[in-house]
Amino acid sequence: MTRYKKQDPEITRRKFINAAMGTSAGVGVLSLVSALGSAKPVFRLTADVAPPMKGDVLVHAEGPNQGQVVKASELSDKLVRAYPKGRDSKGTEVIRDKDPTNILAVYKFAPGTLKEPTKLDATIDAQIVAYGDRCTHAGCNVGDDPKTSGHMFCPCHSGQYDATQGCRVLGGPPPAPLPQLPIKQEGDQLVVTGFFLSRPYGFNKEEDWEEYIKKVEEAMA
Ligand code: FES
């Protein structure tokens, strides 16, 4: 078992953040400080917990190449876990690995394999695709289903996803697909072109995720 197989539900932290934000967004990613005596909590976002966003480059999250750029030429139909790497406000490179929801699953499938509801215009040549790798049920990391190429299996409660069809849920308790992350290729690198296209783990509704994106954009501006 890798260190990514299970994550704490972060119930306590999410409760705190939900209370601080005054929303149902269960994201466990922000550095939120509720200033004593102030009427409103302060929303503070640091680069290492910001979600994957436009301009980030994908780097290996584990294994001998951890921290190194994920190359398009090395991908296959076997899962590669990655983190986004961006820059902080001073321009220093930062791997956004302090939020477990930022872990990504990256694949390259044979031509014609990826089908809708995968957003094909957010893939590379309809072959390379990236998804959030945190199960939408309770936040465990999802791996390859050893029985079927292109299918993913969650070890916690046997959730199943189809990575060739937008990571739609095939079985088990997950309430939503794994979110697709839009990417493009620059040289042999994979570059993020926007935020997750649907809500990742920790957000109960799409509106909560959209509201959070707005806060992130304001904080990073
Ligand atoms: S956490 Fe994945 S199925 Fe429950």
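Modeller: In this predicted model, M152 has Y161 of β10 as its bridge partner. The pairing to which they belong joins strand β9, residues 151-153, to strand β10, residues 160-162, through three bridges, and the two strands run antiparallel. In general, strands of a sheet pair through backbone hydrogen bonds, in either a parallel or an antiparallel manner.

These two strands form part of an open sheet of four strands, in the order β8-β9-β10-β11, with antiparallel pairing. At its edges stand β8 (143-144) and β11 (168-171), each of which pairs on one side only.

C140 and C156 are joined by a disulfide, with an S to S distance of 2.0 Å. The pair connects distant parts of the chain, 16 residues apart: C140 lies in the loop between β7 (128-132) and β8, while C156 lies in the loop between β9 and β10. The torsion about their S-S bond is about -95 degrees, and the disulfide is therefore left-handed. The structure holds one disulfide. C140 has a relative accessible area of 7%, which falls under the 20% limit, so C140 is buried.

A core of 16 residues includes Y161, together with A105, C135 and C154, among others. This core lies apart from the largest nonpolar core, which has 26 residues. In that largest core, the residues that touch the most other members are L58, V70, L75, V106, I128, L190 and W209. Two or more residues are given to this core by each of β4 (80-87), β6 (104-108), β7, β14 and α2 (206-220). The largest share, four residues, comes from α2.

L75 shows how such contacts are arranged. Leaving aside residues up to four places away in sequence, L75 touches V70, V80, V106, K108, I128 and L190.

L190 in turn points to a second pairing. L190, in β14, is the bridge partner of Q185. Four bridges join β13 (residues 183-186) to β14 (residues 189-192), and these strands run antiparallel. The hairpin that they form has two residues between the strands, and G187 there takes a positive phi near 65 degrees.

K108, touched by L75, is also touched by Q127. Q127 is found in the loop between β6 and β7. Q127 has a relative accessible area of 18%; since buried means under 20%, Q127 is buried.

Finally, the setting of these details is the chain as a whole. The chain contains two helices and 14 strands, and buried residues make up 48% of its 221 residues. Of the contacts between residues at least 6 apart in sequence, 55% join residues at least 24 apart. The accessible surface comes to about 10600 Å², and carbon and sulfur atoms account for 50% of that surface.

Technical notes: Residues numbered from 1 in each chain as written. Predicted model: local features only at pLDDT ≥ 70, side-chain atom pairs only at ≥ 80, totals over all residues. Heavy atoms only, no water. Pairing = 2+ DSSP bridges. Buried < 20%, exposed > 50% of the residue type's maximum accessible area, 1.4 Å probe, protein only. Contact = heavy atoms within 4.5 Å. Areas by Shrake-Rupley, 256 points an atom, 1.4 Å probe, with all protein chains shown as cover. Disulfide = S-S within 2.5 Å. Core = buried A, V, L, I, M, F, W, Y, C linked by side-chain atoms within 4.5 Å.
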